[in-house]
Amino acid sequence: MAEALQNIVNLVDPYLLQILVNIGIAIIMALGLNIITGITGQLSLGHAAFMSIGAFTSALITIKLGLPFGLNLLLSGIVAAAIGAAIGYPILRLTGDYLAICTLGFAEIVKVVFLNLEITNKALGLSVPPLKSAIPMPFYVWGVAILSIVLVCFMKESRFGRALKAIRDDEIAAEAMGINIARYKVQSFAIGSFMAGVGGGLYAHFLSYINPSDFGFLKSVDILSMVVLGGLGSIAGTVFGASVLAAAPEFLRFMSQYRMLVYGGLLVFMMVFRPNGLLGGVNFTDLVLRAIGRKPATAEIAERHQKN
């Protein structure tokens, strides 16, 4: 089985394979931020910090302990989620710009800490040993990406997801309906941080080298741009936005110095002409149900109202 999977990987052009893996990691990262910002409505500019926590945790586990890669990724996500919950409890009492500034400050603190720790090799970064697994890395990445899409879709339509959307729409009304706002915010922050930690672990082992400077403010902006481009709260939009912007650097190499300028202009264009994002308002679950020939729940409810 492992040999067959490796043969499939060998058939794909290495350059194309690298782009596909980058897209898969970007989807995981963007879905995590979409839970925090798109579904719960909490603006975070420090998502790259949790990615770096997961990346360095995963690298150190591999170097020091040599645990199986699946367990390694799980532990990386748990560490990032634990830190996200610990930080989220005090700062999620803030909203809007104040929350964004706090998460940005936290991201900078994490970067400076990693730049000065001996265990992370300070500014020199860490060389990550090759993956010791029978499953090739591209299958790991896309397996986790597909699993993330499915889980976030189910979560969004669950009672928990509806509570998060209620908090996003109106915190006062949500609290009046009996929703524990603080608990749900911390939980959504922890879930988003967990996914960022897992994405960071995959990133570290795919590149085989990580440096704290790779996880700065611009990385957080990249991830936020993916979510905004596709549509805040939209699963399909997040996947689309992550796919486009993860592949964009390869197509914009001729103007790499102006890449962030292009991103900024794109975001301004989206805010003016398409505030909900390219796929804002599109329900990914409904798309899947229609694809397999079933009626979405929203359509069934509409038919019942018409009959009545």
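Cys102, by contrast, counts as partly exposed, because its relative accessibility is 30%. A disulfide is a covalent bond between the sulfur atoms of two cysteines. Under the rule applied here, in which a pair of cysteine sulfur atoms must lie within 2.5 Å, the count of disulfides is zero.

The structure is a predicted model, in which local features need pLDDT of at least 70 and side-chain atom pairs count only at pLDDT 80 or more, whereas totals for chains, interfaces and linings use all residues. Residues are numbered from 1 along each chain as its sequence is written, and side-chain values use heavy atoms, with hydrogens and water left out. Helices (H or I, at least four residues) and strands (E, at least two) are DSSP runs, numbered from the N terminus.

Helix α2 spans residues 14-39 and has 26 residues. The distance from its first C-alpha to its last is 36 Å, close to the 38 Å expected at 1.5 Å a residue; the expected span is 1.5 Å times one less than the number of residues. A kink of about 35° is centred on Leu33 in α2, where the bend at a residue is the angle between axes fitted to the seven residues ending there and the seven starting there. Of the 26 residues of α2, 20 are buried, so the helix is largely enclosed by the rest of the structure. Just after α2, Gly41 adopts a positive phi of about 80°.

Leu17, which lies in helix α2, is buried, as its relative accessible area is 18%. The C-alpha atoms of Leu17 and Pro138 are separated by 7.6 Å, although the two residues are 121 residues apart along the chain. Asn22 also belongs to helix α2 and counts as partly exposed, at 22% relative accessibility. Asn22 and Ala247 are 225 residues apart in sequence, with a C-alpha to C-alpha distance of 7.7 Å.

Ala247 is one of the buried residues of α11. Helix α11 (residues 235-251) comprises 17 residues and reaches 24 Å from its first C-alpha to its last, close to the expected 24 Å. This helix is mostly covered, with 12 of its 17 residues buried; among them are Ile235, Val239, Leu245 and Glu250.

Leu5 is located in helix α1 (residues 2-11) and counts as buried, at 13% relative accessibility. Leu5 and Pro136 are 131 residues apart in sequence and 7.0 Å apart in space, C-alpha to C-alpha. Ile101 is found in helix α5 and is exposed, with a relative accessible area of 56%. Between the C-alpha atoms of Ile101 and Leu45, which are 56 residues apart along the chain, the separation is 7.4 Å.

The packing of helix α3 (residues 47-64) was examined against two partners. Axes are lines fitted to C-alpha atoms, for helices over the stretch in contact, and angles run from 0 to 180 degrees between N-to-C directions. Helix α3 packs with helix α4 (residues 69-91) at an angle of about 140°, with the axes 8 Å apart. The two helices are therefore oblique to each other; angles under 35 degrees count as roughly parallel, over 145 as roughly antiparallel, 65 to 115 as roughly perpendicular and the rest as oblique. Helix α3 also packs with helix α10 (residues 217-230), at an angle of about 110° and with the axes 7 Å apart. That angle makes α3 roughly perpendicular to α10. The crossing of α3 and α4 is right-handed, and so is that of α3 and α10; a crossing is left-handed if the near helix is turned anticlockwise from the far one by less than a right angle, and right-handed if clockwise.

Most residues other than glycine have a negative phi. Asn121, however, has a positive phi near 65°, and Lys122 has a positive phi near 50°. Asn121 lies in the loop between α5 (96-116) and β1 (126-127), and Lys122 is placed in the loop between α5 and β1. Asn121 counts as partly exposed, at 35% relative accessibility, and Lys122 is partly exposed, with a relative accessible area of 35%.

Notes: Buried means under 20% relative accessible area, exposed over 50%, partly exposed in between (1.4 Å probe, protein chains only).
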